[in-house]
Amino acid sequence: NEFLKKSGIEVDFPDLITVEFNKENVRKVLEKAKDIPFDLIEGRYIYGDPDNVIERMEEFIKAGVEHFVLTPLVQEKYYMENLRLLSEKVIPYLREAYD
């Protein structure tokens, strides 16, 4: 909520780090998300195929970021596939490029 307020957005949005991901809360989050401009989300979150994710993470690395918390915000049925892509494509690439 603090990030949204600092960005001039007045939305009662739950903290995605602490919210319990159950059907009701996900429904509420999706409904409230409609009030947030996409360019605000695009600048804060990393998404896309492995190449897009790597490219975006490299932008953050060049800006000084040293650590990431990689939490796929996807439907449960896509969660394991996203973890697999991160572990097989993204992390090995970044480890080799920046270790």
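A pocket, on a 1 Å grid over the protein atoms alone, is an open set of points where a 1.4 Å probe fits, with protein on both sides within 12 Å along at least five of seven lines; its lining residues have an atom within 4 Å of a point. Grid points are joined across faces, edges and corners, and a volume is the space filled by probe spheres set on the points.

The model is predicted: local features need pLDDT of at least 70, side-chain atom pairs count only at pLDDT 80 or more, and totals for chains, interfaces and linings use all residues. Residues are numbered from 1 along each chain as its sequence is written, and side-chain values use heavy atoms, with hydrogens and water left out.

Start with the fold. The protein has five helices and zero strands. Helices (H or I, at least four residues) and strands (E, at least two) are DSSP runs, numbered from the N terminus. Along the sequence the pattern reads α-α-α-α-α. The C-alpha atoms fill a box of roughly 40 × 30 × 20 Å, taken along the principal axes.

H4 covers residues 50-62 and H5 covers residues 76-98; they pack at an angle of about 35°, with their axes 10 Å apart. Axes are lines fitted to C-alpha atoms, for helices over the stretch in contact, and angles run from 0 to 180 degrees between N-to-C directions. The contact (heavy atoms within 4.5 Å) draws on Pro 50, Val 53, Ile 54, Met 57, Glu 58 and Ile 61 of H4. From H5 come Leu 85, Leu 86, Lys 89, Val 90, Tyr 93, Leu 94 and Tyr 98. By class, 11 of these residues are nonpolar, none polar and two charged. Here Ala, Val, Leu, Ile, Met, Phe, Trp, Tyr, Cys and Pro count as nonpolar, Asp, Glu, Lys and Arg as charged, and the others, Gly among them, as polar.

Arg 56 also sits in H4. Its side chain reaches the backbone oxygen of Gly 43 at 3.3 Å. Leaving aside residues up to four places away in sequence, Arg 56 touches Glu 42, Gly 43, Arg 44, Tyr 45 and Ile 46.

Return to the second largest pocket. Its lining includes Met 57, Ile 61, Leu 94 and Tyr 98. H5 gives the largest share, four residues. The lining has eight nonpolar, one polar and three charged residues.

The largest pocket has a volume of about 1800 Å³. It is lined by 43 residues, and Leu 16, Tyr 45, Thr 71, Pro 72 and Leu 73 lie nearest its centre. Helices H1 (2-6), H2 (23-33), H3 (38-44), H4 and H5 each give two or more residues. H5 gives the most, with six. The lining has 32 nonpolar, six polar and five charged residues.

Notes
A polar contact is a pair of N or O atoms within 3.5 Å; within protein, one must be able to donate a hydrogen and the other to accept it, and residues adjacent in sequence count only if both atoms are side-chain atoms.
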